[in-house]
2 protein chains.
Amino acid sequence: MGKLIWPGSTQLAPLPAVLVGTGGNGFANNLITVAWVGIVCSDPAMLSISVRPERFSYKALVETKEFSVNVPLASQAASVDWCGVKSGRDVDKFAQQHLTALAGSQIEAPLVAECPLNLECKVKEIIHLGSHDMFLAEIVAVQVSGEFLTESGRLDLERCGGVLGYAHGHYFDLGKCIGHFGFSVRKKPGAKIRK
Amino acid sequence: MGKLIWPGSTQLAPLPAVLVGTGGNGFANNLITVAWVGIVCSDPAMLSISVRPERFSYKALVETKEFSVNVPLASQAASVDWCGVKSGRDVDKFAQQHLTALAGSQIEAPLVAECPLNLECKVKEIIHLGSHDMFLAEIVAVQVSGEFLTESGRLDLERCGGVLGYAHGHYFDLGKCIGHFGFSVRKKPGAKIRK
């Protein structure tokens with residue numbers, strides 16, 4: 001069967017599914033689940049998140065110009081999903097999900113202590129695109145849970161069940177490691193395969 | 001063990017690892033592997049890719065203002081990796097990787113026939129960020145390989161080994177499906193688990 005042509009839609013996959021933390025500067029701590037997130041620059045380290053203006057977190061993002069991106073483990077999928085369904089207008093998401101607000105080193109917005117990887121972000125620019133506004137932000141600091149470091153100090157979330165991925169409306173864990181960047185041109189044929 | 005604080009860096013995961021196709025309007029067909037890619041808006045459907053100006057594909061992106069985003073299966077990881085290591089200055093990536101350039105329905109840039117999901121993109125804005133320029137683009141059409149559709153017409157790449165993910169320098173397939181969006185608030189407890 002050949003190709004079918006569909007109208008343009010947001011079919012890219014897999015995407016990260018992260019908890020974005022907002023708060024500080026008079027705003028209560030809140031969390032919003034975001035899959036419209038991606039790295040946009042290496043130096044300076046920058047990412048973008050896109051959020052609908054009608055979302056409760058939007059005002060805090062615009063006014064504080066700060067947020068945290070908290071990368072969850074696959075085992076935290078239910079909390080991530082719940083925070084994407086509920087609104088901070090109605091519930092205290094940290095309290096309801098038994099999550100701990102951790103202080104940032106460079107931002108007032110809260111981090112999620114239970115997530116193994118936390119990116120502290122400062123907004124540089126807000127671009128109105130349509131349904132969503134894009135927040136271009138610099139990643140000013142990173143916090144990692146020490147138990148996920150290898151003996152050599154490398155971050156290794158994958159050995160612990162892995163981070164959470166999102167593809168076409170479904171959450172996934174990461175499965176088999178196929179190889180690392182450059183494996184296709186190594187002199188020794190065959191990438192190191194590990195679970 | 002508690003948290004360690006590191007300088008800002010691009011630790012977000014997992015990311016898509018896609019083949020970006022460029023060409024048309026006098027440019028030879030070429031492919032560039034990109035992980036700095038993400039959805040930025042639902043309506044209109046938009047994504048961003050970020051590319052270093054010194055990359056061979058950069059000029060074609062700037063001048064044609066078109067590209068394709070080709071989402072590979074995990075089984076295509078070696079081709080994706082190879083296209084990220086080699087330069088179109090030196091090799092014909094389509095020919096060397098035995099990939100077929102497929103005509104877009106709305107763009108002149110080539111699509112990769114062997115990838116199950118192809119997004120046709122038109123550049124709306126280029127933003128200089130630092131090491132990378134960000135290309136904000138509208139997804140004007142999507143092509144899907146018919147064999148990946150379910151009987152009800154839903155795209156189901158995951159049942160076929162899944163799409164390719166990238167996390168901290170390593171390629172992964174997607175593993176277990178944990179549930180779909182909203183599973184945490186369903187009345188029936190427990191998400192549908194499938195491989």
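Predicted model: local features only at pLDDT ≥ 70, side-chain atom pairs only at ≥ 80, totals over all residues.
View 1. Take a look at the peptide bond that joins A:Asp43 and A:Pro44: it is cis, with omega at about 0°. Chain B has a cis bond too, from B:Asp43 to B:Pro44, with omega near 0°. B:Pro44 sits in the loop between β5 (37–41) and β6 (46–51) of chain B.

**View 2. Helix α1 of chain A and its two faces.** Which residues of α1 (residues 57–64) are buried? They are A:Ser57, A:Ala60 and A:Leu61. Looking down the axis of α1(A), you find the buried residues within an arc of 100°, so they line one face of the helix. The background is simple helix geometry: an α-helix has 3.6 residues a turn, so residues three or four places apart point the same way. On the face of α1(A) turned away from the buried side are A:Lys59 and A:Glu63, both exposed. The buried residues of α1(A) pack against quite a list of chain A strands, including β3 (18–24), β4 (27–34), β7 (66–71) and β11 (133–145).

View 3. Follow the strands across and the order reads β2(A)-β12(A)-β13(A)-β13(B)-β12(B)-β2(B), an open sheet with antiparallel pairing. At the edges are β2 (15–16) of chain A and β2 (15–16) of chain B, each pairing on one side only. Zoom in on the chain A end: β2(A) and β12 (residues 164–167) of chain A run antiparallel and are joined by two bridges. A:Leu15 has A:Tyr166 in β12(A) as its bridge partner.

**View 4. The rotation axis between the chains.** To superpose chain B on chain A, rotate by 180° with 0.0 Å of shift along the axis; the RMSD comes out at 0.0 Å. That is the relation of a two-fold axis. Which residue of chain B comes closest to the rotation axis? It is B:Gly175, with its C-alpha at 1.9 Å. As for the contact surface, 100% of the interface residues of chain B are also interface residues in chain A, so the copies meet through the same surface.

**View 5. Two loop residues with positive phi.** A:His168 is not a glycine, yet its phi is positive, near 50°. A:His168 lies in the loop between β12 and β13 of chain A. Is A:His168 buried or exposed? It has 20 C-beta neighbours inside 10 Å, so it counts as buried. B:Asn25, also not a glycine, has a positive phi of about 55°. You will find B:Asn25 in the loop between β3 (18–24) and β4 (27–34) of chain B. With 12 C-beta neighbours inside 10 Å, B:Asn25 counts as exposed.

Definitions and conventions. Residues numbered from 1 in each chain as written. Chains lettered and ligands numbered in written order. Least-squares fit on C-alpha atoms with pLDDT ≥ 70 in both. Contact = placed C-beta atoms within 7 Å. Helix = DSSP H or I, 4+ residues; strand = E, 2+ residues; numbered from the N terminus. Arc of directions from axis to C-beta. Pairing = 2+ DSSP bridges.
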